[in-house]
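Subject: Structure handover

Hello,

Here is the structure I promised you. Please open it first, then read my notes below.

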Amino acid sequence: MGNTDKRNLLDIAEQMLSKYPLCDQCLGRQFAWLSTDTSNRERGRSIKLLLSMQADEQIKSGDREGGLKILTELAGNGSFGPAGTLIKKNGIDPPSTKGCHLCLLEERSVFGRTSEIAERIIESTKNIEFATFLIGCIPVPTLAEREEELRALFSLLRGEPLKSDFNRELGKQVQKALGKEADFEHSDIVIVYNMIRDTLDIQINPIFVYGRYRKLVRGIPQSRWDCTACGGRGCESCGGTGRRYPDSIAEYVGIPVQSLAQGAGFKFHGAGREDIDALMLGSGRPFVV
Ligand SMILES: [Zn+2]
Ligand SMILES: [Zn+2]
């Protein structure tokens with residue numbers, strides 16, 4: 001810190017590009033906490049544009065060698081087209097572009113795959129009813145490690161992790177394609193993209209139903225009561241049913257809720273236990289399923 005705060009952002013970016021190939025997105029992400037109402041891609045591209053302007057100025061004011069050195073880094077490691085054009089204008093062949101050090105997975109940027117992954121998400125959620133979603137991902141450890149290494153090397157303090165950058169970029173695509181909202185607190189479904197395996201996992205969050213029940217006859221237990229002799233397997237004393245009582249409040253309430261929600265199971269919680277022979281009159285006992 002201290003000293004690093006006074007370092008010039010453009011100088012740091014130039015040093016990074018002299019050492020590593022970095023795409024706009026990944027360069028910009030190292031400065032993600034700086035400024036707002038923009039994107040990491042725009043941050044990265046803006047830095048490269050400014051660096052190429054500085055380099056052009058250097059060349060035009062006599063430091064041809066110094067300017068060309070920076071333009072070569074920008075055109076090669078930065079894959080920045082305008083720098084290549086400037087190099088050509090100076091009568092030199094520009095270097096070939098290089099794949100990004102921080103986001104390349106099997107020769108392709110993980111950010112370049114987001115529209116494709118979004119399409120797969122739309123396909124695999126088409127039979128699920130939901131209004132809000134949340135995107136998560138399991139990043140590739142090697143990419144996360146490289147980023148940590150780079151941040152330590154250049155004392156970068158304003159970056160955000162690849163993971164949250166990727167989640168946001170993918171979330172934008174899904175939001176646009178589905179017309180549904182991303183919700184960071186109470187989403188109906190959570191979609192997790194596994195970068196390592198290139199797979200999707202869709203988790204459907206449980207729904208909660210609150211109500212009150214009245215019990216007008218005696219002899220129904222609140223929760224399912226298995227046969228104490230066989231523990232539910234079925235025996236002589238329970239007539240093979242495995243149960244001590246055939247029904248329960250939990251099932252009378254829970255099973256219709258489960259089938260309405262097309263759920264795979266339910267949990268019933270009554271506000272307080274009650275005796276099998278007790279009645280519940282008046283406004284009833286609160287419950288949550
Ligand atoms: Zn990248
Ligand atoms: Zn039994």
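Four donors count as tetrahedral if all angles lie between 85 and 135 degrees. Donors are N, O and S atoms within 2.8 Å of the metal (3.2 Å for Na, K and Ca). This is a predicted model, where local features need pLDDT of at least 70, side-chain atom pairs need 80 or more, and totals for chains, interfaces and linings use all residues. Residues are numbered from 1 along each chain, ligands are numbered from 1 in the order written, and hydrogens and water are left out of side-chain values.

Zinc site:
The zinc ion (ligand 1) is held at 2.3 Å by the SG atoms of Cys-23, Cys-26, Cys-100 and Cys-103. Angles among the 4 donor atoms run from 106 to 114°, so the site is tetrahedral. The donor spacing in sequence is C-x2-C-x73-C-x2-C. Cys-26 sits in helix α2 (residues 24-29) and Cys-103 in the loop between α5 (81-89) and β1 (104-105), so this pair ties together parts 77 residues apart in sequence. Helices are DSSP runs of H or I with at least four residues, and strands are runs of E with at least two.

Domains and lining:
Domain 2 (109-204) and domain 3 (210-288) both give residues to the lining of the largest pocket, so the pocket lies between them. The domain bounds come from an automatic or database assignment.

Best wishes

Terms used
Four donors count as tetrahedral if all angles lie between 85 and 135 degrees; four count as square planar and six as octahedral if opposite donors are over 155 degrees apart and all others between 65 and 115; anything else is irregular.
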